[in-house]
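Q: Please show me the structure, and let us discuss how its features are to be read.

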Amino acid sequence: MNRFRPILPLAILLGLASGALSQVSVTLKLGKRNYLHGEAVPAEVSITNMTGQELTFVGSAKHPWIDFIVKSNRGVPMTPVGQPAFGTVKIPAGKTVARAVDLNKLFSLNELGNYSVYALIRPPSGKSGGYQSQRKLFTVSTAKPYWSQVVGVPGRRSETREFRLIQFTAGRKVELYIQVADAKSGRIMKTHGIGESLMFRKPTILVDGANQMHVLYLVTPEFWGHAKVDPNGKFLGRDLYRASDFGDPALVKLEDGSVRTSGGVFYDPKAEAERRAKNRKASDRPAFIYE
């Protein structure tokens, strides 16, 4: 009687485990590599079901089926301050489902430096194991403000805010950010990226009567952007303008304290896309229709 049992080589065992895990593919994507302190850090997880049968993932705020593991530059796992609640998600065989979160809301990314993150997918109820994405790296940094001003908060006499316009260079591109901080503590409340800027035309910044910050800046040689934010850090949107026969757009403060863009023509990308689509449909008609 043979007392020895056949032992599978380690490579074969790893191959079997890898084959089982490959039945569910998990991919993690980040919007970019570098972020300013206080800026949203969006992460998207895509789960592809290759098991041949429908999978059902069930979770709650306390027990999510997607976990994010974030480590600081010291390699220490960070404790989440929130959890994504995606509820129940069904993924049919051969299909892919994607979910997005803001890592800056799940973790306190207040320490400047490098971070790493990967997603961990808990398997459907009753099954063991799990599925892990690749690891992604990102950096949280700061920059000297291009412009700043301290303002009060309407209705809150004891509170003040510092508005900042930050110029951040990534490669050959220059990006602008609006940052709102608590003027007393220095705590950064919110950072909003407002896009690329051509800095040979300097941005114009005004604060209106409601203590809202307005920034007018050159986006392309043809378009200007007008971005707004309130003292609580809420982004109030961005409008686009073109130059008109009366000259380039400019910010003006009216007697009632409001701030407007003058001298330019408002540009609506959605309306322009609809107009072009309508023109294409008309030009695509056969010639005999017009006869």
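Q: Does Arg161 count as buried or exposed?

A: Arg161 counts as buried, at 3% relative accessibility; buried means under 20% relative accessible area, exposed over 50%, and partly exposed in between (1.4 Å probe, protein chains only). This is a predicted model, in which local features need pLDDT of at least 70 and side-chain atom pairs count only at pLDDT 80 or more, while totals for chains, interfaces and linings use all residues. Residues are numbered from 1 along each chain as its sequence is written, and side-chain values use heavy atoms, leaving out hydrogens and water.

Q: With which side chain does Arg161 meet in a salt bridge?

A: Side chains of opposite charge can pair when their charged atoms come close. Here Arg161 meets Glu159 at 2.8 Å, N to O, a salt bridge being a side-chain nitrogen of Lys or Arg within 4 Å of a carboxyl oxygen of Asp or Glu. Glu159 is partly exposed, with a relative accessible area of 27%.

Q: Which residue forms a salt bridge with Arg122?

A: Asp67 does, with the closest N and O atoms 2.4 Å apart. The two residues lie 55 apart in the chain, Asp67 in strand β5 and Arg122 in the loop between β8 and β9; strands (E, at least two residues) are DSSP runs, numbered from the N terminus. Asp67 is buried at 11%, whereas Arg122 is partly exposed at 42%.

Q: How many residues has the largest nonpolar core?

A: A nonpolar core is a set of buried Ala, Val, Leu, Ile, Met, Phe, Trp, Tyr and Cys residues joined through side-chain atoms within 4.5 Å. The largest has 30 residues, and Phe68, Leu103, Ile121 and Phe138 have the most contacts inside it. Apart from it lies another core of 21 residues, including Val151 and Met199.

Note on methods:
Helices (H or I, at least four residues) and strands (E, at least two) are DSSP runs, numbered from the N terminus.
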